[in-house]
Amino acid sequence: MLHSRKLLYVDEIARCGSIRKAADRLNVASSAINRQILALEEELGVQIFERLPRGLRLTAAGELCIEHIRDVLKDYEKLEGRIRGLKMPQAGKVSIVTTVGLAAGPLPELMARFITEHPRVRVSLRNDGGSTTINPVISGEVDLGLGFNIPATPGIRTLANFDIPIGVVLPPGHALAGSPRVSLIDVVQEKLVLALPGTSLRDMINLILAPLPLPIEPALETNSSEMLKQIVRHGKALTLLNPLDVLAECRRGELVYRPLADPYVRHQQLKLFTRARASLDTVTSLFVEFLLGELVEMVRELQGLPAVTEVVQG
């Protein structure tokens, strides 16, 4: 290995918050890891970890170290991928973090297609909620992030933006499903189940509902898009979602999506992003190209949606 195992140890302890847990995950004796960390701290002349009663926490110096360490480990991983690519084209690994809704919605089909078309590429996909989608990208834990309403943030670079409108999701055969666009006034006459307050989707829904003269009291609120879809599928209520959340179900005829009529239309911005200083290796660029192509086709399939607003690959 071209770099010291000390770097792996520091990285794993920072993730686990414990030498014992890091040792278990790395299959190394705790005492060996502890000796390496103490030696590194002596070499640097500063403490990397603050020793707490229930584990370890990075010091300010440790935060600087972990950023450098993850850069080194990521660069080494890219080097390994390039060397493998000389012997076996398109071999490597790509990692992405996304939202729970996207992970349960359109992405499974896309991931299945990608790993079928590129069997030598390993994909790591995790889902997080809200603003936490940004953090693993900035810290270098993952290569890419995909999420809605991601704010402009130092440390991230946008690869593409899509504007996705919020609309109403209905069971097949519902009276409102016959119209190409649905009035919000008609929607709120029905029983509603909505995303939980505090989520980015609910923030957008609240903006849509704000012009109405009376407050809306949903029958159920949840952060599970799957639960919302199940309730609508059984004909018990309507919900407001973006069409990517329900594309698979609409294709199967299980649900119906209809955009809202003006002036109630609001959009969620779907952003694909990476770390600002990161360069995309061959495999990650391959994955980005595939993902953007698939998302563009999905957007075009959905009636009334605008085209991609921005694609900036670097």
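Helix α2 passes helix α3 in a right-handed crossing, a crossing being right-handed if the near helix is turned clockwise from the far one by less than a right angle, and left-handed if anticlockwise. The model is predicted, with local features needing pLDDT of at least 70 and side-chain atom pairs counting only at pLDDT 80 or more, while totals for chains, interfaces and linings use all residues. Residues are numbered from 1 along each chain as its sequence is written, and side-chain values use heavy atoms, with hydrogens and water left out.

**The two helices**

- Helix α2 covers residues 19-26 and helix α3 residues 30-44, and the two pack at an angle of about 115° with their axes 9 Å apart; helices here are DSSP runs of H or I with at least four residues, and strands are E runs of at least two, numbered from the N terminus.
- α2 and α3 are therefore roughly perpendicular to each other, a term that applies to angles of 65 to 115 degrees.
- On the α2 side the contact (heavy atoms within 4.5 Å) is made by Ile19, Arg20, Ala22, Ala23 and Leu26, and on the α3 side by Ser30, Ile33 and Asn34.

**Strand β3 and its partners**

- Seven of the eight residues of strand β3 (residues 92-99) are buried, so the strand is largely enclosed by the rest of the structure; buried means under 20% relative accessible area with a 1.4 Å probe, protein chains only.
- Strand β4 (residues 121-128) runs parallel to β3 and is joined to it by eight bridges, with Lys93 standing opposite Arg122 of β4.
- Strand β5 (residues 144-148) also pairs with β3 in the parallel sense, over three bridges, where pairing requires at least two DSSP bridges; Val97 has Gly145 in β5 as its bridge partner.

Methods:
Buried < 20%, exposed > 50% of the residue type's maximum accessible area, 1.4 Å probe, protein only. Axes fitted to C-alpha atoms, helices over the stretch in contact; angles between N-to-C directions. Parallel < 35°, antiparallel > 145°, perpendicular 65-115°, else oblique.
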